[in-house]
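Below are some notes for a colleague who is opening this entry without having seen it before. They are in numbered points and can be read beside the coordinates.

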Amino acid sequence: MAEPLLCVKDLVRRFGGITATDRVSLDVAQGELHAIIGPNGAGKTTLISQLTGHLAPDSGSISLAGRDITHLPAWRRSALGLARSFQVTSLLLDFTAADNVALAAQAHDGHSFRFLGDARKERGLRDQALAALQRVGLAERAHVLVSRLSHGEQRELELAVALATRPQLLLLDEPMAGLGVTESARMVTLLRELRKEVTIVLVEHDMEAVFALADRISVLVYGRVIASGAPSEIRQNEEVKRAYLGDQHVVVRHA
Amino acid sequence: MKTTLNVPSAAAALVVAGLVLLPLYSQLTGNIFVLTLFTRIVILALAAASLNLIMGYGGMMSFGHAAYLGIGGYAVGILAQEGFGSGFLQFPVALAASALFALVIGALSLRTRGVYFIMITLAFAQMAYYVASGLARYGGDDGLTIYNRSDFAGLINLSDRVQFYYLCLACLLGVVLLIWRIVNSRFGLVVQGLRSNEQRMQAIGFPAKRYKLVCFVIAGTLCGLAGALLANNTDFVSPAVMYWTRSGDLMVMVILGGMGSLFGPVIGAVVYLVLEELLSQVTEYWALIMGPLLLLIVLFGRGGIMGLLGRFSRG
């Protein structure tokens, strides 16, 4: 088997007496869509934050494409091809949609210690931004201030920003959070397209979406991976059923 | 969209035109005082504009910006005292010393944010103040008299009121132009992005601290220029120019005029200092009137005077 794109080994992170990430090991193969599910408080966001470099693990290691990134800061991981979306929308609200995406493109186009030229008139960056916006269906909204976009549009913009960094690996932290039924359906369609191009780690509560999209699923409970496998295996897994899926109302969509 | 008069731009143009024509008025009416006053206003507007770069565009609330006024001033004063009268030496040294100071305190202060950043920049400026007070050789507390203004080898005579005024005005407009280019450049967008959402900027691949530090150094350097001009204007430099209330004055000018607007600090400086002058002629308790006036503008005019004017143009 080829070397996994993302390899997490024995990751531990404690907050006081609570072990939020408890010896988590995880392999994500090139090209797969790997979903991470788990009940509230299972430590999904803590895990994602360590993967992106916003939180330092107490022990364990993370490597991306064979390179140890455990102690690299967030911006350097981004340069190596790791992009993320935030669970709570985190955009530059006083910038336009196009500016948000163009900045992401700019971040990966050499350093930005250029003081004189008008960055908003740089064709290359604007074209990349527009392409990414088109990808998520926001091209017509390019020049609208982010604070004036709807919640659904902001979720899509999060994705466009991540894409504009031309990532190898996309970490999506609950991209459907707060979306309505139609918006969720659009997002699923979009992710189904994207997964052809880029490896994705998807943290999501929407079980319908997860089982429809994922190649593999890891189940996180109390900071521990209790099972990892294909969706059909996860459905059959007794421990998972007990810990999580047995909880009937979780299986039905709660969007 | 129908075209409406852009009130803030019109106001900025009006102020610039007024500043350019001021020496003419002074000459025609024989009112020398107004030229002296406005030379000082133009210099402090330059300092406020540099503060606006970090405060308005970069979101870095520096409460120690007057330190650079002192550093630029002392560079000129000390060199003059030691017999180096050339402006071609004094001004570059003033800028370099300010840049170096900004680099050191920026590298330390930018580890913190929010209130801590305000306090630490204040603390560094106060340190500079006490260091200057301790410079016995250069006047200590009493300050240092500069007997000869910077000498630019006949290119421009700083002792000529009108020439000096136009030099200051040219520096101000040059700096505003430079800041305009900077904020729209790649660098400027990064800095404004960091003000808006630093975590997001790091997630898309920007090393936040480096960009903030460079911005901090640029602002400090530009304020050092104001310091060098101010020392020439008063023929004197003393620790008092670095005192924390001076930093506060600069902040008030920026907030009054409009943070993050290009000409806001210029307008803020003009309004603040002219009001101060007029009110202090009426009563020695002018601050009692100035205080509530500032309060009103800050409370009801978010975005300062420029923000208020902007609302007019939107109707």
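1. The model is predicted.

2. The strands under discussion belong to an open sheet of six in chain A. Read across the sheet, the order is β6-β7-β8-β3-β9-β10, and the pairing is mixed. Strands of a sheet pair through backbone hydrogen bonds, in either a parallel or an antiparallel sense.

3. Which strands form the edges of this sheet? They are β6 (82-85) and β10 (224-229) of chain A, each of which pairs on one side only. From one strand to the next, the twist averages 15 degrees.

4. One pairing can be followed in detail. Strand β9 of chain A, residues 216-221, pairs with β10(A) in the antiparallel sense, over five bridges. V219(A) stands opposite A227(A), a residue of β10(A).

5. As a whole, chain A has 10 helices and 10 strands. Its radius of gyration is 18 Å, close to the 18 Å that the globule rule gives for 255 residues, so chain A is as compact as a globular protein of that length. The C-alpha trace of chain A spans about 60 × 40 × 40 Å along its principal axes.

6. Of the 255 residues in chain A, 43% are buried. Taking the contacts in chain A with a separation of 6 or more, 67% are between residues 24 or more positions apart.

7. Chain B is built from 13 helices and two strands. Why can chain B be said to agree with a compact globule? A compact globule of 315 residues would have a radius of gyration near 20 Å, and chain B has 19 Å, which agrees. Along the principal axes, the C-alpha trace of chain B spans about 55 × 50 × 40 Å.

8. In chain B, 49% of the 315 residues count as buried. Among its contacts between residues at least 6 apart in sequence, 77% join residues at least 24 apart.

9. A helix pair in chain B deserves a look. The axes of α3 (residues 66-81) and α4 (residues 87-109) of chain B come within 8 Å and cross at roughly 145 degrees. The crossing of α3(B) and α4(B) is right-handed.

10. What does each helix bring to this contact? From α3(B) come A67(B), Y68(B), I71(B), G72(B), A75(B), V76(B) and L79(B). These meet L89(B), Q90(B), V93(B), A94(B), A97(B), S98(B) and F101(B) in α4(B). By class, the contact between α3(B) and α4(B) has 11 nonpolar residues, three polar and no charged ones.

11. The last points concern the two chains together. Here 20 residues of chain B are in contact with 29 residues of chain A. On the side of chain B that touches chain A, α6 (161-184), α7 (186-196) and α8 (198-203) of chain B each supply at least two residues.

12. Which element of chain B gives the most to that side? It is α7(B), with six residues. By class, the residues on the side of chain B that touches chain A divide into nine nonpolar, eight polar and three charged.

Definitions and conventions: Residues numbered from 1 in each chain as written. Chains lettered and ligands numbered in written order. Predicted model: local features only at pLDDT ≥ 70, side-chain atom pairs only at ≥ 80, totals over all residues. Contact = placed C-beta atoms within 7 Å. Helix = DSSP H or I, 4+ residues; strand = E, 2+ residues; numbered from the N terminus. Nonpolar A, V, L, I, M, F, W, Y, C, P; charged D, E, K, R; others polar. Pairing = 2+ DSSP bridges. Axes fitted to C-alpha atoms, helices over the stretch in contact; angles between N-to-C directions. Left-handed = near helix turned anticlockwise from the far one by under 90°. Rg over C-alpha atoms; globule rule 2.2 N^0.38 Å. Buried ≥ 20, exposed ≤ 12 C-beta atoms within 10 Å, placed from the backbone.
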